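Colleague: I am new to reading models of this kind. Please take me through one, feature by feature.

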Number of protein chains: 2
Amino acid sequence: MQLHNTSQYAIRVLNFFANHSDDRLYSAKELAELLSIPYKFLTKIMGILVKAEFIKSIQGREGGYELNKPASQIKLIDILNTFNDETDNESCILGVGICDGHNKCALHDQWMQPKGLLRKMFEETTLENLTSADCKL
Amino acid sequence: MQLHNTSQYAIRVLNFFANHSDDRLYSAKELAELLSIPYKFLTKIMGILVKAEFIKSIQGREGGYELNKPASQIKLIDILNTFNDETDNESCILGVGICDGHNKCALHDQWMQPKGLLRKMFEETTLENLTSADCKL
DNA sequence: TTTAAATTCTACCTTAGAGTAGTAATTGAA
DNA sequence: TTCAATTACTACTCTAAGGTAGAATTTAAA
Ligand code: SF4
Ligand code: SF4
């Protein structure tokens with residue numbers, strides 16, 4: 001019942017950029033230190049974020065990364081989908097496959113409300129909505 | 001964002017017993033077929049459920065399993081804890097460790113409400129509360 | 001032009017969850 | 001007593017996530 005580690009890192013990195021929209025680039029080295037993410041693993045994740053067009057990269061010396069689109073246009077659900085997290089509609093609590101009203105699993109009734117709130121959170125929260133002040137990185 | 005497979009199986013098995021409290025034992029073979037759980041994996045899980053005292057086992061020929069306590073006394077949270085699922089209080093959405101009011105992660109505000117509902121569901125739902133009629137096994 | 005700081009790419013190692021295989025131990029029925 | 005049905009135990013394989021290593025590539029400063 002947790003987000004993949006990779007997704008967590010990705011959210012934290014993207015959130016960092018959303019809160020530091022000064023006109024400068026941040027290198028993987030800097031990010032790794034600031035966010036306490038293993039450097040080598042971070043660069044791997046950055047590659048994915050670049051391909052997914054959340055992040056723009058400038059190569060070479062003095063290069064680095066910056067956000068590729070406004071924070072308001074990046075939803076949590078998009079980030080999670082990039083890492084195959086929460087993406088499968090099978091993410092249902094007892095994973096018994098596709099269910100109609102008649103044929104449900106034992107936890108269905110209890111699960112619907114929390115599930116709805118979770119979906120809402122992931123679908124409606126953008127980087128812009130995230131808390132920015134006084135936050136851990 | 002899903003329960004461990006093992007926890008799912010465990011819940012389904014225990015729920016099955018809660019709904020079949022006739023005075024007979026069920027063997028691993030039967031359960032595996034009825035619930036479509038790989039036999040060998042099921043026996044492994046049953047061993048854990050027995051040690052955790054959710055289930056009582058009768059060995060030898062004509063042996064099998066039965067519930068070890070009333071369904072009303074088995075909470076979902078207890079089952080999950082048995083499989084190290086949801087157990088760590090670190091199961092917090094961005095896993096940034098222990099947080100006080102001042103020092104929180106970026107998702108904290110959005111996460112509190114769904115998290116609360118989830119905890120409530122796991123802590124307050126017992127085998128007795130689970131839907132029993134017209135349900136998949 | 002050289003060099004150093006950066007991203008990018010490919011390949012590998014590690015770990016934990018998921019599942020399998022085989023055998024020992026138990027026990028009631030025949 | 002024998003035997004077959006059962007649980008219990010030990011050890012292994014498979015897979016995907018998490019993480020590491022090293023070299024190739026890009027680019028601007030010196
Ligand atoms: S019955 Fe409901 S809770 Fe259970 S798997 Fe289907 S949709 Fe999900
Ligand atoms: S700040 Fe809140 S949401 Fe984030 S890890 Fe801590 S308790 Fe969980």
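Colleague: How far is a phosphate oxygen of DNA strand D from an N or O atom in the side chain of A:T6?

Modeller: First, the ground rules. This is a predicted model, where local features need pLDDT of at least 70, side-chain atom pairs count only at pLDDT 80 or more, and totals for chains, interfaces and linings use all residues. Residues are numbered from 1 along each chain as its sequence is written, chains are lettered from A and ligands numbered from 1 in the order written, and side-chain values use heavy atoms, without hydrogens and water. A polar contact is a pair of N or O atoms within 3.5 Å. Here the distance is 2.4 Å. B:S57 also reaches a phosphate oxygen of DNA strand D, at 2.7 Å.

Colleague: Which residues come nearest to DNA strand D?

Modeller: A residue is near a strand or molecule if one of its heavy atoms lies within 4 Å of it. Of 23 such residues, A:N5, A:T6, A:K40, A:K44 and B:Q59 come nearest. Sugar and phosphate make up 61% of the atoms of DNA strand D within 4 Å of the protein.

Colleague: What does A:K40 approach?

Modeller: A polar side-chain atom of A:K40 lies 2.7 Å from a base oxygen of DNA strand D.

Colleague: Which residues are closest to ligand 1?

Modeller: The closest are A:C92, A:C99, A:C105, A:H108 and A:W111, among nine that surround ligand 1.

Terms used
A polar contact is a pair of N or O atoms within 3.5 Å; within protein, one must be able to donate a hydrogen and the other to accept it, and residues adjacent in sequence count only if both atoms are side-chain atoms.
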